[in-house]
Amino acid sequence: MAFSKNQSEVDEGLKGELAKKGVVVTTINQLYNWGRQSSIWPMQFGLACCAIEMIATACARYDIARFGAELFRPSPRQSDLMIVAGTVTKKMAPQVVRLYNQMAEPKYVITMGACSIAGGPFIDGYNVLRGIDRYIPIDVHLPGCPPRPEALLYGLMELQKKIQSQEIETTEWYQKGMKREYPVPDFGPHGLVPKFNPEVWQPRELDHRKDKYGEPILIGRKTKAPDLDAPLATPPVAQPPKPQTA
Amino acid sequence: MNLQEIQSKIEAALPGIRLKPVRESLLIEDAAMLPKVAAFLKNDPVLALDYLSSVTGADYLKYLESVYHLYSVEKKTGPVVLRVRVTRDSPRIPSLVPIYRGAEFQEREAFDMYGLYFENHPDLRRIFMWEGFEGFPMRKDYEQEDSEILETADIEWLDRHGAKVPEGMRKKAADLKAQGKRAVAEKTGKSIE
Ligand code: SF4
């Protein structure tokens, strides 16, 4: 992600000199964003194994409080950040989108782990959504299975950089009539309806996964099954090596 | 007690029953006899298999199977494995819920995934998939949707919710509908094997 950093026009050296005398020079944008980036309240919800790593990040050893994001809120109305930590099953996806809609502006989303980015190890499954970015926009993608707590902290720092680059006058949520809500998918007879929201996500023209590996391997009709009535193939018994005669 | 002894014990108690050892398990050839066998194994003072640990569905293409693992908590023995085979056309198996109460959710799962109909089950509904889901996803002939291609139902839904849909996707969906097909994920010839 490319950030245009909010740079103040005051010379850095002069700023340092003034700071020694107890004078702080800053801009409203910087002060405001500094406040916002240092108190990101994440939403307290985890979906699978990645949530365990998220919990570890919040505990004493990794201590997400150092970055001001320790206040996990159990309500979307009070949170700024949704960490989608874990597998989004098709049964859970409408709820995740609904929670996103209920969050107050400004809101940010981190997808944590391969599952919430693209389906992860379960990508071939009939029941797992291939990435929550099919329905809602994502700010930071965090690969890994699971990403280590350091990675989550890094993702949080990237998000802080993004927040720092925003300007009060131009940010979308201070504009009139801004309403950032995405329609909640329904359960259909074979999966979710719609399969994705083309305003948010569209399939890539070039799919290197398909080119390289063919269609995802495990899906489609299966034609092989073991024959239980056949005798078990016994593995050959390893013969002890013959003693060598001198 | 080994499998052979258990088999002869059941045969002695329930004359006319046909059992066949399959690997480490006993196949009950007539599915209707399953509750009788289970009740016998549970109530027999020597075996006392009082705990049904799992009910599993399985698809062997030619037939469907339901597999039962029985343990005895009292005697600390087990498992004794029972199998029942049914055809794909009429996958009806008597339910074990009247004998083992714990079979209820497990049988619902086997129903949900493999479409095994457990007769006399008190509440046979889907358990993992939602109401209105079609098909049984763990069966080998289940056709999974292609999640990259929108269908007419998706397009209609998006129109209703005021989302913009690119023309190419509309056209693809209309083509599929004209052919009377749905977007199914198929294996292409290429794979890593
Ligand atoms: S990415 Fe890996 S660790 Fe994270 S939820 Fe998925 S399977 Fe679990």
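A:P106 sits in the loop between α4 (93–102) and β2 (108–112) of chain A. Start the tour there, and keep in mind that this is a predicted model. The peptide bond that runs from A:E105 to A:P106 is cis, with omega near -10 degrees. Most peptide bonds are trans, and most residues other than glycine have a negative phi. Chain B has a cis bond too: one joins B:G78 and B:P79, with omega about -5 degrees. B:P79 belongs to strand β5 of chain B.

Now look at phi. B:L61 has a phi near 65 degrees, a positive value in a residue other than glycine. B:L61 is found in the loop between β3 and β4 of chain B. Its relative accessible area is 29%, so B:L61 is partly exposed. B:N120 also has a positive phi, about 75 degrees, and is not a glycine. This residue lies in the loop between β7 and α4 of chain B. B:N120 counts as exposed, at 69% relative accessibility.

A:T171 is in the loop between α6 (149–164) and β4 (186–187) of chain A. With a relative accessible area of 7%, A:T171 is buried. A polar atom of the A:T171 side chain lies 3.2 Å from the backbone oxygen of A:I168. A:D211 is in helix α7 (residues 208–213) of chain A. A:D211 counts as partly exposed, at 42% relative accessibility. From A:D211 to A:N197 is 14 residues in sequence and 24 Å in space, C-alpha to C-alpha.

Next comes a helix in chain B. Which residues of helix α2 (residues 34–43) of chain B are buried? They are B:L34, B:V37, B:A38, B:F40 and B:L41. Viewed down the axis of α2(B), these buried residues fall within an arc of 160 degrees, so they line one face of the helix. An α-helix has 3.6 residues a turn, so residues three or four places apart point the same way. The face of α2(B) turned away from the buried side carries the exposed residues B:K36 and B:N43. What covers the buried residues? The cover includes α1 (3–13), β2 (25–28), β4 (64–72), β5 (77–86) and β6 (92–94) of chain B.

Turn to charged pairs. Side chains of opposite charge can pair when their charged atoms come close. Over all chains, a search of the whole structure finds 25 salt bridges. One is between the side chains of B:D59 and B:R88, at 2.9 Å from N to O. This pair links distant parts of the chain: B:D59 is in strand β3 (residues 51–59) of chain B, and B:R88 is in the loop between β5 and β6 of chain B, 29 residues apart. B:D59 is buried, with a relative accessible area of 8%.

Another salt bridge joins the side chains of B:R108 and B:D123, at 3.8 Å from N to O. B:R108 lies in helix α3 (residues 103–114) of chain B and B:D123 in the loop between β7 (117–119) and α4 of chain B, so the pair ties together parts that are 15 residues apart in sequence. B:R108 is buried, at a relative accessible area of 7%. B:D123 counts as partly exposed, at 26% relative accessibility.

A further pair stays within one helix. The side chains of B:E167 and B:R170 meet in a salt bridge (3.7 Å, N to O). Both residues lie in helix α5 (residues 167–179) of chain B, 3 residues apart, about one turn of the helix. B:E167 counts as exposed, at 59% relative accessibility. B:R170 counts as partly exposed, at 27%.

Finish where the two chains meet. The contact takes 51 residues from chain B and 47 residues from chain A. About 4500 Å² is buried between the chains, and carbon and sulfur atoms give 56% of that area. How many salt bridges are there between chain B and chain A? The count is 5. In one of them, A:D229 pairs with B:R85, the closest N and O atoms being 3.6 Å apart. The count of residue pairs in polar contact between the chains is 17. On the side of chain B that touches chain A, β1 (19–22), β5 and α4 (152–160) of chain B are the elements that give two or more residues. α4(B) gives the most, with 4 residues. By class, this side of chain B has 24 nonpolar, 7 polar and 20 charged residues.

Terms used
Residues are numbered from 1 along each chain as its sequence is written. Chains are lettered from A and ligands numbered from 1 in the order in which they are written. This is a predicted model: local features need pLDDT of at least 70, side-chain atom pairs count only at pLDDT 80 or more; totals for chains, interfaces and linings use all residues. Side-chain values use heavy atoms; hydrogens and water are left out. Buried means under 20% relative accessible area, exposed over 50%, partly exposed in between (1.4 Å probe, protein chains only). The arc is that of the directions from the helix axis to the C-beta atoms. Contact means heavy atoms within 4.5 Å. Buried area is the accessible area (1.4 Å probe) that two parts lose on being put together, summed over both. A salt bridge is a side-chain nitrogen of Lys or Arg within 4 Å of a carboxyl oxygen of Asp or Glu. A polar contact is a pair of N or O atoms within 3.5 Å; within protein, one must be able to donate a hydrogen and the other to accept it, and residues adjacent in sequence count only if both atoms are side-chain atoms. Ala, Val, Leu, Ile, Met, Phe, Trp, Tyr, Cys and Pro count as nonpolar, Asp, Glu, Lys and Arg as charged, and the others, Gly among them, as polar.
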